[in-house]
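Here is a walk through a two-chain model, written for someone who likes to know the cut-offs behind the words. Have the viewer open while you read.

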Amino acid sequence: MSRPKNKARASAAESTTIVSMRLYIAGSAPNSRQAIANLEAICREHLKGLYKLEIVDILEQPLRALTDGVLVTPSLNKVSPGPIAKIVGNLSDEGKVLLALGIKKPTA
Amino acid sequence: MIGVTRERTVSEMKKSTTQPLPKLATGIEGFDAVSHGGLPRHCTTLVVGGPGAGKTVFALQTLVNGARHRNQRGIFVAFEEASARVIASGNTFDWGLAALVKRKIFLLDAQLSPTVIKAGDFDLVGMLAVLAAKKQELGAEWIVFDGLDVLLTLLRDPLAEMREIYRIRDWLAENALTALVTAKADNGYAGAPSYGFMQFMVDCVVRLEQRMEDGVAVHRLRITKYRGSDFASGEFPVSFGQAGLEVGAAGSVEIQHEASTERISAGFDRLDAMLGGGLFRGSSTLITGQPGTAKTTLAGTFIAAACQRGERALFVSFDEGSKPIARNLSSVGIKLAPHVKSGMLRMYSARTEAVSAEDHLIKLRALIREHRPSCMVIDPLSAIARAGTLGAARAVANRLVYMIKDERVTVMITALTEGADPEAESTALQISTIADTWINLSYVVRSGERNRALTIVKSRGTWHSNQVRELVLSASGPSLTDVYTAGGEVLMGTLRWERESEDSASKARRDAEFDQKRRELEFSEADTVARIKAMQLDLQRQQGALAAYARDEEARLLSSSDRESRLRERRSADPRMSQSRPDVRAPTKKNGEGASK
């Protein structure tokens with residue numbers, strides 16, 4: 001009953017809203033490099049340019065991570081649109097990332 | 001034991017090549033003794049234990065002590081609970097944590113919110129970078145990873161866990177930090193595999209445990225590993241007080257108590273005399289006895305005497321309030337209330353149930369350090385045996401006595417005897433072996449009477465009376481009375497009194513008889529003297545009379561011869577007439593005698 005409604009709203013968001021994200025990495029640590037690669041692939045495929053990504057290297061700005069409450073790396077924060085989401089890991093689980101970013105809605 | 005010998009050989013090997021292992025004191029009462037100096041500096045210590053075993057308290061207290069007493073900064077990374085909750089639980093102790101958190105201790109909230117979505121592998125590189133920056137900023141010496149297991153389980157991969165642990169270890173070595181890592185372990189060594197691995201990786205492993213013994217929760221601590229150092233093997237009791245966690249270490253094996261030769265009063269003169277002059281200062285005295293044998297009264301006299309000398313005193317009672325004790329003692333002339341009022345005497349009473357013996361020890365130590373008494377009483381120590389297991393209570397009793405001696409307090413401990421045999425009782429807590437003086441109070445029942453008897457079972461390093469004395473309580477306090485022995489049996493109470501009055505009656509009789517005799521003798525002496533006097537007077541009178549008579553006679557003779565010659569002259573008679581004179585003279589002489597009489 002409610003599924004078509006949700007889908008309609010989701011596709012609307014997909015088309016117009018810009019997703020703003022911040023990725024925290026730790027230099028060239030393997031997980032961090034993987035995270036960048038994975039996120040870029042996801043963005044290419046699902047967001048088609050409708051995103052804004054800031055990459056913060058904790059090794060360079062450790063105290064910024066502290067104020068942002070980020071500790072484990074890599075870590076991806078969805079800043080807008082709401083609701084905000086926090087994802088940790090190298091983003092290899094694409095399905096979970098899409099769900100967390102609100103690009104994809106849970107199906108069954 | 002195996003652990004110790006192995007570690008010892010390692011330390012010996014190290015000694016031959018390198019400096020002794022540098023350590024940082026934790027400042028946790030007892031732990032620094034058990035660990036022979038604290039935790040290894042710039043190394044990692046793992047604190048494992050079940051929930052509620054005190055891991056977080058141990059770690060946080062170490063940071064607090066470092067910050068408060070040695071100006072060492074520390075970082076506390078809280079994986080398990082929010083830092084606000086860590087502060088809240090830390091505030092239950094008298095650490096002044098809130099002030100320290102601002103300047104010397106940095107708390108990092110490292111809790112991963114449950115809303116965080118895990119999408120793929122992650123690592124701690126970022127966190128360690130943050131911490132390295134913070135360490136530089138703060139100049140930290142200590143770091144605590146509290147509940148590291150919580151974060152590691154999110155990795156869901158043993159290999160990844162191992163990798164991160166190695167990462168942390170290397171990072172710690174690089175940053176010259178002394179680290180404490182706490183992790184949950186459910187039972188024994190068979191925790192999650194990673195923790196077993198962690199134990200190999202770290203330099204020191206401290207195991208905390210909470211378990212129930214006889215309905216009382218007890219906490220235990222054990223060092224299971226200490227690379228490059230000796231440590232006290234075995235399990236040590238842990239308790240929590242105002243100052244935080246405390247490890248009940250038996251202290252150094254070597255006993256170093258000063259042996260004073262100063263004597264102080266045990267309460268009253270007669271008892272001091274029995275003890276060869278009183279108790280040695282700093283010694284411990286055990287008073288055993290059945291209920292009602294006046295153990296508390298003896299202890300009370302000791303305390304009152306101390307207060308009167310102007311010394312500070314502490315009266316600890318178990319299972320009886322201090323007010324009833326003061327009232328009861330005042331009925332036998334021991335007034336404690338004025339000393340309480342003046343602040344010289346502190347009375348503390350506690351319940352023994354549901355509190356572990358350890359906790360009593362902590363409380364008593366706190367009291368001693370606060371009040372600084374020179375004399376104290378624990379009445380009765382046997383109550384401690386009810387708190388938890390006997391084994392634990394025994395260890396506590398021992399440590400209590402040693403602790404009191406360490407503080408140079410002269411102590412009198414009472415212990416209840418259940419049976420008539422004092423030896424049977426004293427074995428319950430086995431205090432009698434540590435006590436310097438042992439006074440036993442007992443009942444002697446004879447002829448329908450119960451009387452109190454006092455004996456000194458032992459008194460180290462001094463002469464003491466081996467005699468049984470009767471302890472008599474009166475409104476002026478306790479006193480000791482000689483006992484009578486009759487037919488090999490000791491007489492007390494009424495029997496003693498009877499014998500005493502019998503003795504005094506016969507003595508009075510003897511005295512009276514003697515007086516009588518003396519008076520008789522004196523009388524007869526006086527009589528004789530008087531008679532001698534009278535006879536002397538009589539003699540003098542007779543002598544006087546005789547002399548007078550002689551004079552008369554002479555005079556008469558003179559006059560008669562004179563008269564004869566005059567008669568002769570007058571009658572002109574011839575001189576023959578003088579022959580008839582004796583007949584005439586005789587009656588005259590007779591009359592003269594009669595008149596003189």
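A residue counts as buried if 20 or more other C-beta atoms lie within 10 Å of its own, as exposed if 12 or fewer do, and as partly exposed in between, with C-beta atoms placed from the backbone. Keep that in mind for strand 18 of chain B, where both faces are covered: C375(B), V377(B) and D379(B) are buried on one side, and M376(B) and I378(B) are buried on the other. In a regular strand the side chains alternate between the two faces of the sheet.

Some housekeeping first. This is a predicted model, in which local features need pLDDT of at least 70 and side-chain atom pairs count only at pLDDT 80 or more, while totals for chains, interfaces and linings use all residues. Residues are numbered from 1 along each chain as its sequence is written, and chains are lettered from A and ligands numbered from 1 in the order in which they are written.

Helices (H or I, at least four residues) and strands (E, at least two) are DSSP runs, numbered from the N terminus. On that basis chain B has 18 helices and 25 strands. Of its 597 residues, 40% count as buried.

Strand 18 (375-379) belongs to an open sheet of nine strands in chain B, ordered 17-16-18-19-15-20-21-22-23 with mixed pairing. Two strands pair here if DSSP finds at least two bridges between them. At the edges sit strand 17 (345-350) and strand 23 (477-482) of chain B, each pairing on one side only. Ignoring direction, neighbouring strands of this sheet are turned by 20° against each other on average; such angles come from axes, which are lines fitted to C-alpha atoms (for helices over the stretch in contact), and run from 0 to 180 degrees between N-to-C directions.

| Strands (chain B) | Bridges | Example pair |
|---|---|---|
| strand 16 and strand 17 | six bridges | V316(B) and Y348(B) |
| strand 16 and strand 18 | five bridges | S317(B) and D379(B) |
| strand 18 and strand 19 | four bridges | M376(B) and V411(B) |

What lies across this sheet? Helix 11 (295-308) of chain B does, across strands including strand 15, strand 16 and strand 18 of chain B, and it runs at about 165° to strand 18. Helix 11 of chain B is mostly covered, with 13 of its 14 residues buried. Its length checks out too: at 1.5 Å a residue (times one less than the number of residues), the 14 residues of helix 11 of chain B should span 20 Å, which agrees with end C-alpha atoms 20 Å apart. Just after helix 11 of chain B, G310(B) takes a positive phi of about 90°.

**Two cores**

A nonpolar core is a set of buried Ala, Val, Leu, Ile, Met, Phe, Trp, Tyr and Cys residues joined through C-beta atoms within 7 Å. The largest one has 94 residues, and V47(B), L63(B) and F76(B) are among those with the most contacts inside it. Helix 3 (55-70) of chain B gives the most to this core, with seven residues. Apart from it lies another core of 61 residues, including L298(B), A306(B), A435(B) and L471(B).

Back to V47(B): leaving out residues up to four places away in sequence, V47(B) touches K55(B), F58(B), A59(B), L180(B), V181(B), T182(B), V206(B) and L208(B). Contact means that the C-beta atoms of two residues, placed from the backbone, lie within 7 Å. Among contacts in chain B between residues at least 6 apart in sequence, 72% join residues at least 24 apart.

**Where the chains meet**

How many residues of chain A are in contact with chain B? There are 27, and they touch 19 residues of chain B. On the chain A side, helix 3 (62-68), strand 4 (85-88) and helix 4 (94-101) each give two or more residues. That side divides into 19 nonpolar, five polar and three charged residues, where Ala, Val, Leu, Ile, Met, Phe, Trp, Tyr, Cys and Pro count as nonpolar, Asp, Glu, Lys and Arg as charged, and the others, Gly among them, as polar.

Strand 4 of chain A and strand 6 (117-118) of chain B run parallel, joined by two bridges. V88(A) has K118(B) as its bridge partner, and I87(A) has I117(B).
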